[in-house]
Amino acid sequence: MMKFRFRRQSADPQREKLKQELFAFHKTVEHGFPNQPSALAFDPELRIMAIGTRSGAVKIYGAPGVEFTGLHRDTATVTQMHFLPGQGRLLTLLDDSSLHLWEIIHHNGCAHLEEGLSFQPPSRPSFDNASAPASLTRVTVVLLVAGSIVALGTESGSIFFLDVATLTLLEGQTLSPDEVLRSVPDDYRCGKALGPVESLQGHLQDPTKILIGYSRGLLVIWSQATQRVDHIFLGNQQLESLCWGRGGSTVISSHSDGSYAIWSTDTGSPPKLQPTVVTTPYGPFPCKAINKILWRSWETGDHFIIFSGGMPRASYGDRHCVSVLRAETLVTLDFTSRVIDFFTVHSTQPEDEFDNPQALAVLLEEELVVLDLQTPGWPAVPAPYLAPLHSSAITCSAHVANVPSKLWARIVSAGERQSPQPASSALSWPITGGRNLAQEPSQRGLLLTGHEDGTVRRFWDASGVALRPLYKLSTAGLFQTDCEHADSLAQAVEDDWPPFRKVGCFDPYSDDPRLGIQKVALCKYTAQMVVAGTAGQVLVLELSDTPAEQAVSVASVDLLQDREGFTWKGHERLSPHTGVLPWPAGFQPRMLVQCLPPAAVTAVTLHAEWSLVAFGTSHGFGLFDYQRKSPVLARCTLHPNDSLAMEGPLSRVKSLKKSLRQSFRRIRKSRVSGKKRATTANSKLQEANAQLAEQTCPHDVEMTPVQRRIEPRSADDSLSGVVRCLYFADTFLRDATHHGPTMWAGTNSGSVFAYALEVPAATAGGEKRSEQAVEAVLGKEVQLMHRAPVVAIAVLDGRGRPLPEPYEASRDLAQAPDMQGGHAVLIASEEQFKVFTLPKVSAKTKFKLTAHEGCRVRKVALATFASVISEDYAETCLACLTNLGDVHVFSVPGLRPQVHYSCIRKEDISGIASCVFTRHGQGFYLISPSEFERFSLSARNITEPLCSLDISCPRNATQPSHRPQESPKLSQANGTRNITLAPESCEGSPNSIHSKRADITELPEATLSPVSIDSATSGDTTLDTTGDVTVEYVKDFLGSPEDSEKNLRNLEADEARAYTLLIK
């Protein structure tokens, strides 16, 4: 007899209302440096800067916290950008020669960026139409003339003029190359074309005059008022760029042979054949082209000449340089990435006689560098934002919430000592436009990023919109590397000419791949930290306010436990420096634990109150007492068939082929076994099912969805012994009356090990703690049925709440856990969530995510969601990210689905692997190697730009009333474009609360921070963009053609629905 389970169709209206008060999905801000920048602009009146990218993104920056983001409708490269000074409007040119006008619009007291007008050049004229106008299909340069006209230089040599207010062509004002050639001597024409327009420059004091430079080398000063040529300079060298001196009496041109020329513009003079000065700065050998040149006057009488390129082609042709020349002083700024553009911050008032540049801003492909030109030596100005997250490739990250103010001040102080400002430099960050309207955050949040070169590159201030660097920690100085001697030799043979000066912090090269950081954990109450690396190194550090000279204790832990038949074929472990070493103020190493074999650390957790650190690799896990400097426990988790775990990371290609081959064999085997089954019983069963399907069910009930069949994973799968998570908890493990310290470990094969720990109680002086050793006894061992990898473990108290972090309860910083009722343990695997009672470890409740949704869990965290209506009401829920990029929220401990959102594209494997949840319903993930996307699942805790800009209203400003009004939310430049403002219930019925959300998002709420349930110390979630991309990630995208067609139809339907909402 077949049984049916029914449930009520209608949802509880009170619960649905409460969901709207607790949950809402927003993508709020993009932290970091824009990926693949392609254009730069600066408004000297508003003091704001714009950066365009190859993906069509437009980002405007002002003072810290003042950010605007827009995205062109078409994915095209932004080639040029120009501000309309003082108007808050920006003109962008794309590589398809289309022009777009952006405006900063104020809405409900806050400003946001909108695209107003666009101009698409007409198509190329046909051969039959001889009377057609000159071609405008390829625009090479743009110039704003008198603030109301746009001049477009083209590849054909013609110059067109547009009205800024409407972006329409002005008829009868096109300047053709034939008209210019009439003013050129006959011997200069000689049948050669002038070539494309390479540069257009405006006169500061007379906006009607335009300096035109053609590729052939001809320079022309054109008067827009009289419509005639005023001056002609007959250059013969291929032109690269132009610059007009402040008074207009000097013109500077740079050329393709690495030279620059200075021309004089005397009134009434005939066409000039030779410039006043011609200089090849790095000659006489052949040099590369000078791509851009600036001439800035100084009140002392000398000048700044700033140019990019021009290096000797044979010796330094591969260098990325910007040269700064003043009088007899020449400095060659040597960067590690390509120069995109640069500008100077100087006086632009017409009544001022000199430029007096204050700063030089250089946009590179991987970072932004600002130099102080007023201070001798021209030092770099620290950037409050736009610091390159990827100065070395990011390998892991973690978030620490609610950092105590004392620890925050100590970290900031240590960071200031690392990069002291010169005493004579009074220049602060020069880009200061706009006002940040967001309130000062009441709680501080730290974002830690580990990198490939062995550094926790930055401790980032993640409390607000601007991701500000605070402190940098490097672990490379503790180890001996092969590149130390080579670096010293390279510095010794460096020539004195050109006078190179290394600038910037982007360094994509790693001395030794074994130095890479894999996991990070921080205890915010004791300022103790654990950093784990690629070669099995686990480093315990402690924050110190003073420099010190001390030796670092070293210990080894053999995770194989002398198991026979296993031979490590990977890299060797790192050799530490011996003896006393100097350490600057900041985090200083106290203990180094090296795992054997030296495989990459896959999990780590710290309990500072017990002075214990637990770590795991692909071979097993260990427990170490860093106060007594002695190991407590070592457990091997290898399966007899785990030979792949002994080969190291260099054999991943071979393992991928082997895993794919095994997958196809299982698929083929299941198909063959299905065909061999008896068909008689199946046919009878199908007939019975068809008869039951014809019967109508009651209208007020609904049948539960059919669960997908999940095949159990084989016990001998490769890398089944990888330790995925570690967790400390004070709970009931031996019996229901006595609680004590425990350690939990979850593996890739679905095994969970729970150890009871005997930790001696520490006295005030700590003598008793040092005398007695910590003991660990195996209390429970759980094997999940489907052998799915265990992603996270958390213990819930008698009220169903997660246990507090170390020192929180003892120092009255959090509510003490309920030790009277029964505890429970939540085990999250890749396929399901399950709650077991303690100490019996019997199943209490579960939710099969893979069976219901057809996806796998990738990241899990417990988060607190506060109500947007009542400050006193909050719920602790389980947030998870799947391999499809969806975020699901479940109640705890009932595991009832609450909401789910589409967050990351499922094809973005790196973004899914890098996701970090916060403690209060926010999250981060990488949308590019240099950018974190910040999102919020909470209706209350939202971190987004709230800013305004004081702009002057021009007379012919375009009004936004004829365009559809957009939400003040940011358009996502590199992430998912769609922004869900209202949550969806799990039954699929959307909750329409758009009007209510608009009011909620205007509130400047304080930023709160993250806690992952696989770490009981700092509440951080770590990522490893290399180690977490396993074969299972690749399997997720090997779908059938039917699945691909279905996904394509769903994507087209979503796009059509989005356009429909926009039109409404």
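Author: Begin with E871, which is exposed, its relative accessible area being 64%. Keep in mind that this is a predicted model.

Reader: With which residue does E871 form a salt bridge?

Author: The partner is R940, and the closest N and O atoms are 3.4 Å apart. R940 is buried, with a relative accessible area of 16%; the cut-off for buried is under 20%.

Reader: Where in the chain do E871 and R940 lie?

Author: E871 is in the loop between β58 (857-866) and β59 (874-882), and R940 is in the loop between β64 and β65 (947-948). The two are 69 residues apart, and the pair links distant parts of the chain.

Reader: How many salt bridges are there by this rule?

Author: The count comes to 30. One of the pairs is E931 with K59, where the closest N and O atoms are 2.3 Å apart.

Reader: Are E931 and K59 buried or exposed?

Author: E931 counts as buried at 0% relative accessibility. K59 is buried too, with a relative accessible area of 3%.

Reader: What does the salt bridge between E542 and R590 look like?

Author: Their side chains meet at 3.6 Å, N to O. E542 lies in strand β39 (residues 537-544) and R590 in strand β44 (residues 586-596), so parts that are 48 residues apart in sequence are tied together by the pair. E542 counts as partly exposed at 29% relative accessibility, and R590 is partly exposed with a relative accessible area of 28%.

Reader: Now the sheets. How do strands of a sheet pair?

Author: In general, they pair through backbone hydrogen bonds, either parallel or antiparallel. Here, an open sheet of four strands runs in the order β19-β20-β21-β22, with antiparallel pairing.

Reader: Which strands stand at the edges of this sheet?

Author: β19 (239-244) and β22 (277-279) do. Each has a single partner strand, so one side of each is left without a neighbour in the sheet. On average, neighbouring strands of this sheet are turned by 15° against each other, direction ignored.

Reader: Over how many bridges do β21 and β22 pair?

Author: Strand β21 (residues 260-264) pairs with β22 over three bridges, in the antiparallel sense. To look at the pairing residue by residue, take A261, which stands opposite V278 in β22.

Terms used:
Residues numbered from 1 in each chain as written. Predicted model: local features only at pLDDT ≥ 70, side-chain atom pairs only at ≥ 80, totals over all residues. Heavy atoms only, no water. Salt bridge = Lys/Arg side-chain N within 4 Å of Asp/Glu carboxyl O. Buried < 20%, exposed > 50% of the residue type's maximum accessible area, 1.4 Å probe, protein only. Pairing = 2+ DSSP bridges. Axes fitted to C-alpha atoms, helices over the stretch in contact; angles between N-to-C directions.
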